[in-house]
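Trainee: I would like to go through this model feature by feature. Please give the general idea each time, then the case at hand.

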Amino acid sequence: MATKRRASAVLALLMTSVLVTAGCSGGEEAAPQSELYKDPVTLSWWHNASQDGPGKTYWEKVAKDFSALHPTVKIEIEAIETNQLQRTRLPAALLSSDPPDIFQAWGGGEMTEQVEADYLKDITDQVKTEVGNIGSAAEIWQVKGKQYGLPFRMGIEGIWYNKDMFAAAGISAPPTTFEELNTAVTKLKATNVIPIAVGAGDKWPAAHWWYNMALRACSVDALKKASAEKNFDDPCFVKAGQDLKAFIDTKPFQPNFIATPGQNDPTSANGMLANGKAAMELMGDWNRGTLDTVTTDKAKLASFLGWFPVPAIAGSPGDPKAALGGGDGFSCAKNAPAECVEFLKYIVSPEVQKGYAETGTGLPVAKGAADAVKDPALKSILDATSGASYVQLWLDTAYGSTVGNAMNDAIVAIFAGNGTPEKVVSAMKAAASK
Amino acid sequence: MTSANQIRMPAGGASAPPAGPHKAGRESARRADNRRKWYEIIGLTTPAVLIYVMFVLVPMGFAVYYSLFRWRGVGPPTEFVGLRNYTLAFQDPIFLDALRNNAIIVFGSLLIQGPIALGVALLLNRRFRGRAVFRLLVFVPYVLAEVTVGIMWKLLLTGEGTVDALLRSLGMGGLVQAWLADLDVVIWTLLAILTWKYVGFAIILLLAGLSNVPDELTEAAAIDGASWWQIQRHVTIPLLGPTIRIWMFLSMIGSLQIFDMIWVTSVPAVRSLGASATMATYMVDNGFFARLWGYGNAVAVILFVISFVAALLFQRFLLRRDIEGAITGRAK
């Protein structure tokens, strides 16, 4: 039990340190471009589509197809659950001399750190065409103007809602301002449904409400400054907490939300929307796929599911067309063979992106793949994404895990009723120096 | 101190040289014997010692070393900060909450499981129909994996779970709580689950202890006119002392290091608010999730020191007599 757990933690640390030492020696130079596909290579690939489903199957197909095109390349896949992958497996593997060649990357503060530690391959020159085809979304995988990874999925978040419940409550159009949202909440309560489900138990689904308040309260300049300098002095960050508190006080969420998980099981916030127990949920574009995994009736879900952008707050300095978003991408390890970059380019090629879009697990980034998106809810996200004036990366990703975690904890405290708007900002500042 | 001769006795008897050997011969025989003894010791202990050093002592050393750095797990640690991580930990109200929760679990386990286990063990030690089945049932929760138990109880207790439905159907709807969501209730819910799981272990230990209480003593007491209660109170329980103390020791150490059950049963938000955090979950939340590796190591060292000191104090004051008996044999 506990002892065993501690022993394995200790073992992991030991291995890490041994590997750190080993990591100092070694490292071969990447093969020059001309020798591509000459010698057999094996690429190890770590991604987070660990649950059985279309996403996982699709990556298997992509790897197989690439090997068929280039028989010298063998690809070994390891699918690891996101938290494990991001928090423990990848950091430990990157400290070692033998990291995976190509692995999931989320951009933002974490990627900056990885670049500073010289873990990632600079692919700026090789992927110019792909970056051009992806557009501004590729910037999230840049550090100081250099490209260190490419996204395969990118989308903004918004509110997923149940059209049938809206109709039953007499709400004619999706709310565009918070005043309208508040009215909708009141109407939904009158029909005895839970207006909004939030998976506060997992912290981040609750924190995203604060992010959106910040997006509305802060100017784009203030947001950019916060990401680049970890400077949170602008009073708009306190205002975000005050707006959130006022919103929570209208009781739009389900009871005991503090223990509700975000996704993956029927009792989660996700499950509540999918199974007709709640009318709305704030979530990213991947939600289409996760809702499918927790619903009891896929056809019914498809018939009532809709999506609208996060409403604006009247009279706030934030850009009402700005949106919060994020994506998934892949990076190559510093010493990965040159074929790794070729594989990365293959993953984001329009054809592979089209196939990815057809799986319905997320929105593609490459131009030309958008046509493959059939789901109406996903289509409205695509439209909103291309219409967004500014896309702010998820704040916890943008600020890195340390500030991000402290920020999320402090926001959850507001949800639980024992935090304050000021404490969120002070926790972020304290974490930045921790 | 025992002499080498005495140790050699059992094996040496047969191969001892005949009477009146040369002094030199006896010397070399003894040296050969000595050497063999050392080979044996080295051969038999090396694997264990190696594993212990590699996987216990060395990592502990590394944990102490890393705990002195401001290190985010990216690149080798370079920013030496001395004891800053330790100071930060004791200034963090959530860590203090975790300490309090560990204390609740340590004392709660002893005070609740102890009397229950003693009562049930005494009961199960009597002869009655279905005793074997009853013993088995009591022990089942302990055999289940901690994660399984955690998830099972989580399902029973969340939302409109079975427990709430049961309470309502019994007309005790007033008792229904947000078992895992109410910040003031959750630690007691967890304590109840831990009790349910581990009381079986205490009972089995005490039953084993009871089987060592000689029938002669209880019979003698009975013949002298002692009632069943008097026999338990003055004969059986005092003789159970060593078993009870060992159980207390194991329970205390397990409670200090508790991780799995808390991790799977209570959600991240409730942990991060301090309501259900323990030192071990706090260590993982901060070390891995907030990516404060140096800080996480400092918390690991604090957890180790607290467990170690508690173990030493317990041995010094409560287990001394029991251990003396085990190691040196009964006094002459």
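Mentor: Start with the inventory. Chain A contains 19 helices and 12 strands, while chain B has 15 helices and 2 strands. Keep in mind throughout that this is a predicted model.

Trainee: How do I read the overall dimensions of chain A, and what radius of gyration does it have?

Mentor: Set the value beside the one for a compact globule with the chain's number of residues. For the 434 residues of chain A that value is near 22 Å, and chain A has 22 Å, so the two agree. Along the principal axes, the C-alpha atoms of chain A fill a box of roughly 70 × 50 × 45 Å.

Trainee: Into which domains is chain A divided?

Mentor: Domain 1 takes residues 33–155 + 325–393, and domain 2 takes 157–324 + 395–432. Their centres, over C-alpha atoms, are separated by 27 Å. The contact between them draws 28 residues from domain 1 and 26 residues from domain 2.

Trainee: Which elements of domain 1 give two or more residues to the side that touches domain 2?

Mentor: They are α4 (108–116), β11 (322–332), α16 (376–387) and β12 (390–393) of chain A. The most comes from α16(A), with 6 residues. By class, this side of domain 1 has 10 nonpolar, 15 polar and 3 charged residues.

Trainee: Then take α16(A). How do I check a helix?

Mentor: The 12 residues of α16(A) should span 16 Å at 1.5 Å a residue, and the end C-alpha atoms are 16 Å apart, so the span agrees. Its buried residues are A:A377, A:L378, A:I381, A:A384 and A:T385. These cover an arc of only 120° around the axis, which puts them on the same side of α16(A).

Trainee: Which exposed residues does the opposite face of α16(A) carry, and what covers the buried ones?

Mentor: The face turned away from the buried side carries the exposed residues A:P376, A:S386 and A:G387. The cover over the buried residues includes β6 (150–156), β7 (158–162), α12 (287–294), β10 (305–309) and β11 of chain A.

Trainee: How does the reading go for α10(A)?

Mentor: Helix α10 (residues 236–249) of chain A has 14 residues and reaches 20 Å between its end C-alpha atoms, close to the 20 Å expected. Its buried residues include A:F237, A:L244 and A:F247, and also A:K239 and A:D243. Among the elements covering them are α8 (204–217), α9 (220–229), α18 (401–416) and α19 (421–432) of chain A.

Trainee: What should I look for after a helix?

Mentor: Look at the backbone angles. α10(A) is followed by A:K251, whose phi is positive, near 50°, although A:K251 is not a glycine. A:K251 lies in the loop between α10 and α11 (269–274) of chain A. It counts as exposed because it has 12 C-beta neighbours inside 10 Å, and 12 or fewer is the cut-off.

Trainee: Where is A:N192 found, and is A:N192 buried or exposed?

Mentor: A:N192 is in the loop between α7 (178–190) and β8 (194–197) of chain A. Its phi is positive, about 65°, and A:N192 is not a glycine either. With 7 C-beta neighbours inside 10 Å, A:N192 counts as exposed.

Trainee: How many residues of chain B are in contact with chain A?

Mentor: 36 residues of chain B are in contact with 36 residues of chain A. On the chain B side, α2 (23–66), α12 (268–272) and α13 give two or more residues each, and α2(B) gives the most, with 5 residues. That side has 25 nonpolar, 7 polar and 4 charged residues.

Trainee: Which residues does B:T281 touch?

Mentor: B:T281 is found in helix α13 (residues 279–289) of chain B. Leaving out residues up to four places away in sequence, B:T281 touches B:F259, B:I262, B:W263 and B:R271. B:T281 is buried, with 22 other C-beta atoms within 10 Å.

Methods. Residues are numbered from 1 along each chain as its sequence is written. Chains are lettered from A and ligands numbered from 1 in the order in which they are written. This is a predicted model: local features need pLDDT of at least 70, side-chain atom pairs count only at pLDDT 80 or more; totals for chains, interfaces and linings use all residues. Helices (H or I, at least four residues) and strands (E, at least two) are DSSP runs, numbered from the N terminus. The radius of gyration is taken over C-alpha atoms; the globule rule is 2.2 Å times the number of residues to the power 0.38. Domain bounds come from an automatic or database domain assignment. Two residues are in contact if their C-beta atoms, placed from the backbone, lie within 7 Å. Ala, Val, Leu, Ile, Met, Phe, Trp, Tyr, Cys and Pro count as nonpolar, Asp, Glu, Lys and Arg as charged, and the others, Gly among them, as polar. The expected span of a helix is 1.5 Å times one less than its number of residues. A residue is buried if 20 or more other C-beta atoms lie within 10 Å of its own, exposed if 12 or fewer, and partly exposed in between; C-beta atoms are placed from the backbone. The arc is that of the directions from the helix axis to the C-beta atoms.
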